[in-house]
Amino acid sequence: MTRFFDIIFSFFAMLILLPFMIPIMVGLHLTGEHYIFYLQPRIGKDGKEFKVFKFATMLLNSPQMPGGCITQEKDPRILPMGNFLRKTKINELPQLINIFCGQMSLVGPRPIVQAHLDLYPEATRATILGFRPGLTGIGSLIFRDEEGILNRAGGDRKHLHDEIIAPYKGQLELWYVERRNLINYFIMIFLTAWSVLHPGSDAYKRYFKDLPEPPETLKFLL
């Protein structure tokens, strides 16, 4: 049933947002490395790899540069328009193409790279790969400002991400797929829209009271 709404919502969203996205595409073409979209391999349903569409926010070769797939504050790899697009999450809008084509859903587990997927326990990977990854989801909502969380924490960013954040994300994704239904699908869309208008909001806690408890290290950062 959610696939029907994915098609309808993504189609009309692309039509409505196209006039807004055209100036962004022109701006990206005229700045930075002059490319508009960044197509990054992600792992989708049943473990199939697909290319996720995003507006370009970083240098094309950034995953092979120092920092890898983890972005830091004032990252020198970020393009001139990159900070604005990333902060507002506008860079995610081209994923509507992935949704319309059936590679993603509006709501689901985060579409991640293989290296980050490998940080999840095997049982977690097997479960979440049974579903289409989502433009939004409980993991995306809670870690909307993941760069800010890593910046506030300081210290060994890679250790924090790989050993603490990634396992907790896995728990969140399992929590959602076990409660996946049409009502939670629409609640998640509403909460995502709310978080865009009210950055830093923790409204999700009022709707989902049985979320997995975050590790002590994360509690004061979320």
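## Exercises on pockets, cavities and a helix pair

In this predicted model, the second largest pocket has a volume of about 210 Å³.

**Exercise 1.** Find which residues lie closest to the centre of the second largest pocket, and work out how its lining divides by class.

*Solution.* Start at the centre: of 13 lining residues, the closest to it are Tyr-168, Tyr-204, Lys-205, Pro-212 and Pro-214. Next, sort the lining by class, which gives 8 nonpolar, no polar and 5 charged residues.

**Exercise 2.** Search the whole structure for cavities of 30 Å³ or more, then describe the lining of the largest cavity.

*Solution.* The search turns up 4 cavities of that size. Now take the largest cavity, which holds about 70 Å³ of space. Its lining is made up of Ile-43, Gly-44, Lys-45, Pro-109, Arg-110, Ile-112, Leu-117, Ile-128, Leu-129, Phe-131 and Pro-133. Sorted by class, these are 8 nonpolar, 1 polar and 2 charged residues.

**Exercise 3.** Describe how helix α7 (residues 146–153) packs against helix α8 (residues 157–178).

*Solution.* Begin with the geometry: the helices pack at an angle of about 130 degrees, and their axes are 11 Å apart. The angle therefore makes α7 oblique to α8. As for handedness, α7 passes α8 in a right-handed crossing. Then look at the residues that make the contact. From α7 come Glu-146, Ile-149, Leu-150, Asn-151 and Ala-153, while α8 supplies Arg-157, Leu-160, His-161, Ile-165 and Lys-169. Finally, divide the contact by class: 5 residues are nonpolar, 2 polar and 3 charged.

Definitions and conventions. Residues numbered from 1 in each chain as written. Predicted model: local features only at pLDDT ≥ 70, side-chain atom pairs only at ≥ 80, totals over all residues. Heavy atoms only, no water. Axes fitted to C-alpha atoms, helices over the stretch in contact; angles between N-to-C directions. Helix = DSSP H or I, 4+ residues; strand = E, 2+ residues; numbered from the N terminus. Parallel < 35°, antiparallel > 145°, perpendicular 65-115°, else oblique. Left-handed = near helix turned anticlockwise from the far one by under 90°. Contact = heavy atoms within 4.5 Å. Nonpolar A, V, L, I, M, F, W, Y, C, P; charged D, E, K, R; others polar. 1 Å grid on protein atoms, 1.4 Å probe; cavity = no way out; pocket = protein on both sides within 12 Å on 5 of 7 lines; lining within 4 Å. Points joined across faces, edges and corners; volume = space filled by probe spheres on them.
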